[in-house]
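Keep the model open beside you as you read.

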There are 2 protein chains.
Amino acid sequence: MANPINLDDKLQRFSEHWTPKVIAEINDYQVKLVKIVGEFVWHQHDDTDELFVCLKGEMSIEMPSDKVSLKAGELFVVPKGMRHKPSADQECEVMLIEPKGVTNTGDTSSDRTAPNDQWI
Amino acid sequence: MANPINLDDKLQRFSEHWTPKVIAEINDYQVKLVKIVGEFVWHQHDDTDELFVCLKGEMSIEMPSDKVSLKAGELFVVPKGMRHKPSADQECEVMLIEPKGVTNTGDTSSDRTAPNDQWI
């Protein structure tokens, strides 16, 4: 019997915020889990769309002239090149799907920039 | 305010089985929802991995020398070229992520072959 990847199990393996962890690959795309709280930094991904799936809690994604709020069971695709700033008033657990090599802070670099390809 | 994509809302929009419905695109990948029950046909996707995320219920994926069982909150990536046969004893709701253009029955064609690119 092969083992499935259990989201709750993977989420229990880390506690830090804004540091995406890779749990699976589909071709050259990665499935990542991230825990977020507070406000992230404004950034954009010039070469790719980015899928956010809210697994637990609530989060928002602010864009220059729009905003979307996600609760568990909701998803949103931030289009390529769209500046955005994720945030969450309380801790929120999120699944991301995007091409391998995408950095969490996109075109910006700061102490919020997390290393890529961190598998759990 | 932009609208998120709500999985439960989308799942209420169709009732047929084994007919994947597209709910979002990430670059040239699609997020699909499908309801399954019973046994599907053996098939493979020669050019791509395929991500199964079990949203509700339980399902299995049989492979030539392996088998994986998924319940809600669990996922599995069927590798490119791997023959597989999904099944579910009772109705199960599944999210699929794979490149645009992937046909549900892969290298086979039958009355189970569903049209592609059916958005809901």
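The contact draws 27 residues from chain A and 27 residues from chain B, where two residues are in contact if their C-beta atoms, placed from the backbone, lie within 7 Å. This is a predicted model, in which local features need pLDDT of at least 70 and side-chain atom pairs count only at pLDDT 80 or more, while totals for chains, interfaces and linings use all residues. Residues are numbered from 1 along each chain as its sequence is written, and chains are lettered from A and ligands numbered from 1 in the order in which they are written.

The elements of chain A that give two or more residues to the side touching chain B are listed here.

| Element of chain A | Residues |
|---|---|
| β1 | 5-6 |
| α1 | 7-11 |
| β2 | 21-26 |
| β3 | 29-39 |
| β6 | 66-71 |
| β7 | 74-78 |

Helices (H or I, at least four residues) and strands (E, at least two) are DSSP runs, numbered from the N terminus. β6(A) gives the most to this side, with five residues.

Strands also pair across the chains, which takes at least two DSSP bridges: β7(A) and β1(B) run antiparallel and are joined by two bridges. Leu75(A) has Ile5(B) as its bridge partner in β1(B).

How are the copies related? A rotation of 180 degrees with 0.0 Å of shift along its axis superposes chain A on chain B (RMSD 0.0 Å), by least squares on the C-alpha atoms of residues with pLDDT of at least 70 in both. That is the relation of a two-fold axis. The same surface serves both copies, as 100% of the contact residues of chain A recur in chain B.
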